[in-house]
Amino acid sequence: MTWTMRVDWPSCAARGLCAELLPERIHLDEWGFPVVEGTVTPDLLGLAKAAATACPHRALRLVSAG
Amino acid sequence: MSGAVLASVTSFPGAGAGAPVAPSAPAATVRRSLSARSVPRTVRTDPPAQVVATPGPVLLSGVLDGPSLEAHRDRFGQLPQLDLDTVLATVGAGAVVGRGGAGFPFARKLAAAATGRRRAVVVINLAEGEPASAKDTALALVAPHQILDGAEVVARALRTTEVHIVTPLERPAVGDAIAAALSERAAQPGRRDRSQPRWRMRAAEPGFVSGQARAVLELLAGRPGLPVTAWKPEAMSGLDGRPTLLSNAETWAQVAAVLRMGALGYAAHGTDTEPGTTLLTLPHRRDADTAVVLEAAYGTPWVDVLGPDVEQPVLLGGFHGTWADAGVLAEATVSREELRARGLGLGAGVVLPMRADQCPVAVTSEIVDYLAKASARRCGPCLNGLPALAEEMRLVALGETSASWTRIGELVGLVDKRGACAHPDGTARLVRSLLTTFDDEVALHLRGGCSR
């Protein structure tokens, strides 16, 4: 099973914690909103869960990629 | 245009329709520029005041009979009673795809909605938010029972009695026409049995994105009718988490047609791989307030649809659409497959041929400006990216050399697929298509020129 991060865009308020917690997959665009790249590999699963949990607006989810 | 039905959209004879409501899009914030010049407006961004429906082979075959239930039953017969398997097999064989723009196979949606644990909900989406589109409006005005028949047969097959109908508030004639059609159906003798759908009407606020599927479901759930993130397809989890079969009005009418005619009868129109017909909306040649809706069998040469305009650049699929260069359609036919092979798309069937004096770069700029203002303003990339893209496109259209190809590409990448709905994706598609189809013209603009 492969995983990816999905953003709930209307909830996202560009707080940017996700990019700090998962820089391997998330960086911020010029307005501070997350740009998610690639799938979450098993080695990143723990960090990805932490990033989703840390989002103050619960706007980031770890979802099945396929 | 003889032998056509002309109907008023913003008011309807005998109905107390109010004044048309202006779209309530707040002004977008744009980056400051030394030049405050704007691109002259040439594209209509209000819904048409009137629509002309010309007779067509299937859905529009009865337009001259009038919209009454009696005329409809005289021409098309009684509603068929079909079980779910028959419905699934027939719409599958008829290859009916969604006509709201995405073109998703209806049979797959129906199958998903039918296998849910909870009873399905059926939704007819008539909230035609795109100003240039009027086909669903036309159907409601001239052939409302085709739409209702499709939803009713499928609702019965799904053993659901709940059918929601969402109409556009800024086109009050649509709601009036559907309400009139429903009261005709209610008055039919012997039509009070319990398998009758309970039709529920709801009006969607004006706005380009208010007809988006999730926005419609939000409205029905009693929340603001704006797009939200869909974690699952609505056929699996839609209204109140129930399996929801939401399709646009033309799709329901096509479903009614294929179920009534059978897959073979339906396939008498169209081509081997694309049976049936599609509705198209074109601007009226002389009257900017009027939209023309016609029905074309798949495989119809574009020259039959467009006449001499086939030699002009054509924006296909409306404001979220793609550009066909001058002459590309001259030898082509109305076919979703053929268009896809050329990197083009029919979307919801809006066809906008350019006049000889219109510059596609300027038109795109105008449309992107409109789309930026039409954002629901809830998703960061759309809220920030679309006004920035509109500003860049304005500079290009005006031939200001400060605009940059790289920056446009960057902004397109930053908005695409980064929202709850496909509004930013559609805007990105339009701009990308301009850059691909009219690369020379864009390059000329970036040097300060324009060929028109």
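Reader: Which residues does N125(B) touch, not counting residues up to four places away in sequence?
Author: Happy to start there, with the reminder that this is a predicted model. N125(B) sits in strand 3 (residues 121–125) of chain B. Leaving out residues up to four places away in sequence, N125(B) touches V166(B), G211(B), V216(B), L246(B), S247(B), N248(B) and A249(B).

Reader: Is N125(B) buried or exposed?
Author: The cut-off for buried is under 20% relative accessible area. N125(B) has a relative accessible area of 7%. That places N125(B) in the class called buried.

Reader: What is the relative accessible area of A132(B), and which residues is A132(B) in contact with, leaving aside neighbours within four places in sequence?
Author: A132(B) belongs to the loop between strand 3 and helix 4 (135–142) of chain B. A132(B) is buried, with a relative accessible area of 17%. Setting aside neighbours within four places in sequence, its contacts are T281(B), F319(B), V350(B) and L352(B).

Reader: How many salt bridges are found over all chains, and which residue of chain B meets R99(B) in one?
Author: Searching the whole structure gives 22 salt bridges over all chains. In one of them R99(B) is a partner, with 2.9 Å from N to O. The side chain it meets is that of E250(B).

Reader: How many residues apart in sequence are the parts that R99(B) and E250(B) tie together?
Author: R99(B) is in the loop between helix 2 (84–93) and helix 3 (106–114) of chain B, while E250(B) is in helix 8 (residues 249–266) of chain B. Both R99(B) and E250(B) are buried. Their locations mean that the pair ties together parts whose separation in sequence is 151 residues.

Reader: Which residue forms a salt bridge with R185(B), and which residues join with the two in one network?
Author: R185(B) lies in helix 6 (residues 172–186) of chain B and its partner in helix 5 (residues 144–157) of chain B, so the pair ties together parts that are 33 residues apart in sequence. That partner is E152(B), with the closest N and O atoms 2.9 Å apart. Both R185(B) and E152(B) are buried.

Reader: Why are E391(B) and R394(B) separated by about one helical turn?
Author: An α-helix has 3.6 residues a turn, so residues three or four places apart point the same way. E391(B) and R394(B) both lie in helix 12 (residues 380–397) of chain B, and they are about one turn apart because their spacing is three residues. The two are buried and form a salt bridge whose closest N and O atoms are at 3.1 Å.

Reader: What is the area buried between chain B and chain A?
Author: The contact involves 20 residues of chain B and 13 residues of chain A. Carbon and sulfur atoms give 61% of the buried area. The area itself is about 1,300 Å².

Reader: How many salt bridges are there between chain B and chain A, and which residue of chain A meets R407(B)?
Author: Between chain B and chain A the count is two salt bridges. One includes R407(B), at 2.7 Å from N to O. The chain A residue it meets is E30(A).

Reader: Which helix of chain B gives the most to the side that touches chain A?
Author: Six residue pairs are in polar contact across the interface of chain B and chain A. Helix 12 and helix 13 (405–415) of chain B each supply at least two residues of the side of chain B that touches chain A. With five residues, the one that gives the most is helix 12.

Methods: Residues numbered from 1 in each chain as written. Chains lettered and ligands numbered in written order. Predicted model: local features only at pLDDT ≥ 70, side-chain atom pairs only at ≥ 80, totals over all residues. Heavy atoms only, no water. Salt bridge = Lys/Arg side-chain N within 4 Å of Asp/Glu carboxyl O. Helix = DSSP H or I, 4+ residues; strand = E, 2+ residues; numbered from the N terminus. Buried < 20%, exposed > 50% of the residue type's maximum accessible area, 1.4 Å probe, protein only. Contact = heavy atoms within 4.5 Å. Buried area = accessible area lost by both parts, 1.4 Å probe. Polar contact = N/O pair within 3.5 Å; in protein donor to acceptor, adjacent residues only side chain to side chain.
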